[in-house]
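Subject: Structure handover and notes

Dear colleague,

Please find below the structure I promised to pass on to you. My notes on it follow directly after, and I would be glad if you read them with the coordinates open beside you.

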Amino acid sequence: MDRALQTAATPPKGIVGMAFLKGIRISTFLFSGVLVYFAVHFFVGQQGVLSWHSYVQRADSLIAERDGLMKQRAQLERKLARYRAGQVDSDYVEERAMSQLGLAGPNDVAMPLPKAAAVLGSSASSQTPNP
């Protein structure tokens, strides 16, 4: 009777081996699936190898834009330095005022305009609406 209980409690050797192989197949399948998942994201994902080239191009364009903006800022700072108190460049301010107001300085040479341009200029200024 002990022998009958013993054989009923322990499965035959073939069944144990098959369960072990079945477990190995499942774990191998799961491991392969996880490996494929990470491999695909390594190449195709948002931060994958194939996206790296576009990131490098974007970085290069941003660096070029930054360099252009830095040059523009340096030009604006040089222009602003001309207007700061105590460092005002009077020649520059005089030149800008005369060009914006359309005036001439005492040492400037006035060039007469041709008659056609003078006529056009005077006719445009003489055509004012009557109130």
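To begin with burial, buried residues make up 4% of the 131 residues in this protein, and the model you are looking at is a predicted one. The protein exposes about 12,400 Å², of which carbon and sulfur atoms supply 65%.

Confidence deserves a word before the details. The mean pLDDT of the protein is 75, and 69% of the residues score at least 70. Among the elements, confidence is lowest in helix α1, residues 2–9, where the mean is 53, whereas it is highest in α3, with a mean of 92.

As for the fold, the secondary structure consists of five helices and zero strands, so that reading from the N terminus gives the order α-α-α-α-α. Helix α4, which covers residues 90–101, has 12 residues and reaches 16 Å from its first C-alpha to its last, a span close to the 16 Å expected at 1.5 Å a residue. Just after α4 comes G102, whose phi is positive, at about 75°.

The surface carries a nonpolar patch formed by V36, V40, F42, F43, V44, V49 and L50, which together have about 680 Å² of accessible area. Two helices, α2 (13–44) and α3 (49–81), each supply at least two residues of this patch, and the largest share, five residues, comes from α2. One of the patch residues, F42, is found in helix α2.

Which residues does S51 touch, once those up to four places away in sequence are left out? S51 lies in helix α3, and, with that exclusion, its contacts are V44, G45 and Q46. V44 is also a member of the nonpolar patch. With a relative accessibility of 16%, S51 counts as buried, because the cut-off for that class is under 20%.

Turning to charged side chains, the count comes to two salt bridges. In one, R66 pairs with D67, and the closest N and O atoms are 3.2 Å apart. R66 is partly exposed, with a relative accessible area of 45%, and D67 likewise counts as partly exposed, at 32% relative accessibility.

In the other salt bridge, the side chains of R73 and E77 meet at 2.9 Å, N to O. Both R73 and E77 lie in helix α3, where they are four residues apart, or about one turn of the helix.

With kind regards

Conventions
Residues are numbered from 1 along each chain as its sequence is written. This is a predicted model: local features need pLDDT of at least 70, side-chain atom pairs count only at pLDDT 80 or more; totals for chains, interfaces and linings use all residues. Side-chain values use heavy atoms; hydrogens and water are left out. Patches are made of residues with over 30% relative accessible area and no salt bridge: like charges are joined within 9 Å, nonpolar side chains (Val, Leu, Ile, Met, Phe, Trp, Tyr) within 5 Å. Accessible areas come from the Shrake-Rupley method with a 1.4 Å probe; for residues, only the protein chains shown count as cover. A salt bridge is a side-chain nitrogen of Lys or Arg within 4 Å of a carboxyl oxygen of Asp or Glu. The expected span of a helix is 1.5 Å times one less than its number of residues. pLDDT is the predictor's confidence in each residue, from 0 to 100. Buried means under 20% relative accessible area, exposed over 50%, partly exposed in between (1.4 Å probe, protein chains only). Contact means heavy atoms within 4.5 Å.
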